[in-house]
Amino acid sequence: MNDNMENTLRQKAKELLEKGDVKVVIGYGWNKKKSHTAPVFITKPEDVEKLVFNPLCVNNLSLYLTKKFPDIKALGKPAIVAKGCDIKTIAVLISESQIKREDIVIIGMTCNGVVYRQELWKGELKPEIMPTKCHNCDVRNPHIADIIVGEKVNFTPPAEPTGMVFDKIKELDKKSGAERWNFWLEHFSRCIKCYACRQICPLCYCERCIAEKNMPQWIETSSHPRGNLAWNLKRAMDLSGRCTFCGECERVCPVNIPLNLVNQKLALVVKDAFGHKAGYDEKVHPPMIVFNMEDTEDFIK
Amino acid sequence: MANKFLKKETIGKLIDALTSEGSIFVAPKMDARQVVYAPVSRMEEIVFDYIVPRNPFKEFLFPQTEPIAVFTIAKEAVDMKGVEVNAKETVIFGSRPCDAASVASLRSVFNWDLKDEFYNRREDKAVVMSVACTKADDACFCTTVNLAPDSPAGSDILLKETESGDYVVEVITDKGKKFAERFGNIFEDVSAKKAKPAADVKRIKGIDEKKIKEWLKDTKNYENPLWAELSRKCIGCGACTFACPTCHCFDIVDEGSAFEGERIKNWDACQFEFFTLHTSGHNPRDTQYKRWRNRFMCKFNFYPNKFKSYGCVGCGRCIRVCPVRLDITEVMATISVME
C-alpha cells in the first residue's frame with residue numbers, strides 16, 4: 001500500500017510545486033539511518049522523492065502552519081501532508097482564525113494507524129503498538145482535504161471510546177478526590193519544564209505564553225511541585241474543548257507524564273456539557289471561546 | 001593502580017554502609033517506565049540492564065531548581081541571606097562513561113571566572129563509579145567525539161562487568177582510591193577476573209570534528225543559509241538542553257510574597273525564545289535557527305576554544321528525546337563536508 005501511496009503523494013506534491021500552487025510541501029521524510037521519520041520541508045519539485053508515508057509518520061505537522069514558525073510562513077503558501085487526526089487540529093486552527101482555509105492545501109492521507117512511539121516499530125503495525133487515538137479513529141478517511149491520497153479505509157470505530165487512555169480515565173474517575181490529586185502530583189513531580197508539550201502543540205500558539213509572563217510571575221518557572229502543578233493545570237485548562245487528541249504532548253514528554261489522560265478527561269467533560277467534539281468542522285468555534293446571548297448563565301450579562 | 005574486584009551481591013552492603021552515614025547513593029532505577037539516575041536505598045531498586053539513563057546525573061551536582069538566597073522585605077529595609085550548601089557525599093553508581101566525562105565540562109564552566117560554590121561543594125563530595133557500556137543503541141556516538149564505551153575520563157572508579165555480573169574495578173583517581181580503601185571489605189584485591197568486551201560503538205563515517213570547528217570558527221559562515229535549513233523543524237523546546245549532560249545554563253528568579261521569598265537558580269535553555277530577550281525588547285536570537293545555531297556553536301566551537309573538556313560527550317540523549325528527531329550527528333556530518 002505504501003509504495004503506491006508514496007508515489008501518488010510525490011506526484012501530487014511535484015505538481016503543486018511545479019505549477020506554483022504552493023511554495024513548500026510540509027511532509028515526512030526519513031532520517032539518515034531510516035529508523036525514524038521526521039518533518040521535511042520540500043521547496044523544489046526534484047526533492048519530492050524525500051517524501052514518505054508509513055506508520056512511523058507520527059508527528060502532527062499542522063504545528064508548522066502556526067505563527068510559531070515565521071520562517072516557514074516566509075517560504076510562501078504551504079501544502080501539508082496530513083492524517084485525519086492532524087486535519088482535526090487544522091480545523092481548530094481555522095475556526096480560531098489562525099489560518100485561512102484557502103491559504104493552505106491539505107493533502108489528506110488515508111491511514112490505517114500509526115505507532116505510539118517510533119521506537120516500538122518492528123516492521124509491522126500491530127494493535128498493541130498503536131496509540132489509543134488510532135483505535136477510536138473516525139477520520140481514517142480524511143474529513144477535510146483538497147487532495148486525498150490512498151485507498152478508502154474501511155474501519156468503524158467503537159461506539160464508546162475504548163483503549164488504554166479511556167480505561168485509565170474510568171479508573172481515575174472511581175478514585176476519591178484526594179487520590180486523584182496525589183496521582184497527578186506524583187506525575188507532575190517529574191516535570192522538567194522543558195515545555196516540549198507546549199512547543200509541539202499546534203494549539204499552543206500564544207505569542208507570549210503565560211509561563212513567560214513575569215510581571216507578575218503567574219506561573220513559577222521553578223520545577224518544584226508548585227511550579228509544575230501550576231504549569232500543567234494551566235495548559236490542560238487552555239486546551240479544554242480545543243484539544244483534538246493528536247497525542248503529541250504525551251508522545252514528546254521526556255519524562256512520560258500521561259498528558260492524554262488529563263486532556264481527554266477534559267474533552268469528555270466538554271462533550272457532556274456542550275455536545276462539542278473538537279476538530280470536525282472548521283466553521284464551528286470551540287464552546288469555551290464563544291459567547292451567546294441565549295446562554296442560560298447570567299453571571300456575565 | 002592495581003585492579004580490584006566487586007561482587008554484585010555486595011553492592012547492597014555498600015549502599016547500607018553509605019546511607020547509614022547519611023550519604024546519597026545514586027544508581028539507575030525504573031521510574032515511569034524509564035531508567036533514571038535516582039537515589040536508591042536498596043540494591044533491589046537498581047537496574048543493571050540499561051543503555052543510557054533518561055536523565056544525565058548533572059542534577060546531583062547542579063540541581064534543576066535550587067534556592068540560593070532568602071529575603072524579607074520590611075518597610076524601609078530588605079534583608080537578604082545567602083543559602084549555605086550543605087553538600088552530602090553522593091556516590092553515583094552505574095554512571096556511563098559519557099556522563100562521567102561531562103563532569104569536567106561542568107567543572108570548567110562553573111570555575112571559569114567565578115567559582116560557583118553551589119556546584120563545587122557538590123562535586124567535591126561526589127564519587128563517580130562508572131560502569132563501562134557493553135551495549136549501545138543507534139543514538140550513541142561517544143567514539144565520534146573521541147570518547148569510548150569504556151573510557152575512564154571523569155570516573156573516580158571504572159567498573160567493567162564480568163560474565164557473572166560482577167565487576168573488575170579500575171581505580172582512576174585519588175578520590176576513587178580513598179573510596180576503595182575506605183570500603184576495603186567490599187572492594188576485594190582479586191584482579192585475575194576478565195571483563196566482558198565493551199560495546200562496539202562505530203565512529204560515524206564522514207564526521208570530522210576538526211573540520212567542524214574550523215568551519216564554525218570562520219565568521220563568514222555565521223549567516224550561512226544552511227543554519228535555517230538544518231534547523232527548520234526545530235520546535236524550540238528545551239528537551240535537548242535539559243537532557244544534555246554538558247548544558248549548564250541557568251536563570252535566577254525571585255519567588256515568594258511581597259514580604260518574603262527565595263532567590264532561586266533554575267536550569268534554563270538557550271532554545272527558549274525568551275532566553276536572550278533584552279529588557280529593551282531587542283532579542284539578538286529572535287528566530288529559532290539562531291537559537292539552534294547557538295547550541296551547536298556552544299558544543300563544537302565556543303566550548304572547545306575556551307576549555308579542554310568536552311562540549312559534547314556523545315551520549316545521544318538529544319537525539320533520542322527530540323520530538324522532531326533533529327539529529328545532531330546529521331548536522332555534524334553535513335558541516336564536515338562544507339567548504
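B:Ala74 lies in the loop that links strand E4 (65-73) to strand E5 (78-82) of chain B. The structure is a predicted model. B:Ala74 is exposed, because 9 other C-beta atoms lie within 10 Å, and a residue counts as exposed at 12 or fewer. B:Ala258 is 184 residues away from B:Ala74 in sequence. In space, the C-alpha atoms of B:Ala74 and B:Ala258 are 9.4 Å apart.

Chain B also holds an open sheet of eight strands. The strand order is E3-E2-E6-E7-E8-E9-E1-E10 (chain B), and the pairing is mixed. Strand E3 (34-39) and E10 of chain B stand at the edges. Each has a single partner strand, so one side of each is left without a neighbour in the sheet. Strands of a sheet pair through backbone hydrogen bonds, either parallel or antiparallel. Strand E2 (residues 24-31) and strand E6 (residues 90-95) of chain B run parallel. Three bridges join E2 and E6 of chain B. B:Phe25 stands opposite B:Val91 in E6(B).

Helix H4 (residues 174-182) of chain B has a buried side and an exposed one. The buried residues of H4(B) are B:Gly176, B:Phe179 and B:Ala180. Viewed down the axis of H4(B), these buried residues fall within an arc of 95 degrees, so they line one face of the helix. The face of H4(B) turned away from the buried side carries B:Asp174 and B:Glu181, both exposed.

The contact between the chains takes 31 residues from chain B and 30 residues from chain A. On the side of chain B that touches chain A, helix H7 (239-243), strand E11 (250-256) and strand E12 (260-267) of chain B each supply at least two residues. By class, this side of chain B divides into 14 nonpolar, seven polar and ten charged residues.

Chain A contains ten helices and five strands. The C-alpha atoms of chain A fill a box of roughly 55 × 45 × 40 Å along the principal axes. Chain A has a radius of gyration of 20 Å. This agrees with a compact globule, because such a globule of 301 residues would have a value near 19 Å. Of the 301 residues of chain A, 45% count as buried. Among contacts in chain A with a separation of 6 or more, 71% join residues 24 or more positions apart.

The domain assignment divides chain A into domain 1 (3-149) and domain 2 (164-289). The C-alpha centres of domain 1 and domain 2 of chain A lie 24 Å apart. The contact takes 24 residues from domain 1 of chain A and 24 residues from domain 2 of chain A. On the side of domain 1 of chain A that touches domain 2 of chain A, helix H3 (84-95) and helix H4 (132-135) of chain A are the elements that give two or more residues. H3(A) gives the most to this side, with nine residues. By class, the side of domain 1 of chain A that touches domain 2 of chain A has nine nonpolar, eight polar and seven charged residues.

Definitions and conventions
Residues numbered from 1 in each chain as written. Chains lettered and ligands numbered in written order. Predicted model: local features only at pLDDT ≥ 70, side-chain atom pairs only at ≥ 80, totals over all residues. Helix = DSSP H or I, 4+ residues; strand = E, 2+ residues; numbered from the N terminus. Buried ≥ 20, exposed ≤ 12 C-beta atoms within 10 Å, placed from the backbone. Domains from an automatic or database assignment. Contact = placed C-beta atoms within 7 Å. Nonpolar A, V, L, I, M, F, W, Y, C, P; charged D, E, K, R; others polar. Rg over C-alpha atoms; globule rule 2.2 N^0.38 Å. Arc of directions from axis to C-beta. Pairing = 2+ DSSP bridges.
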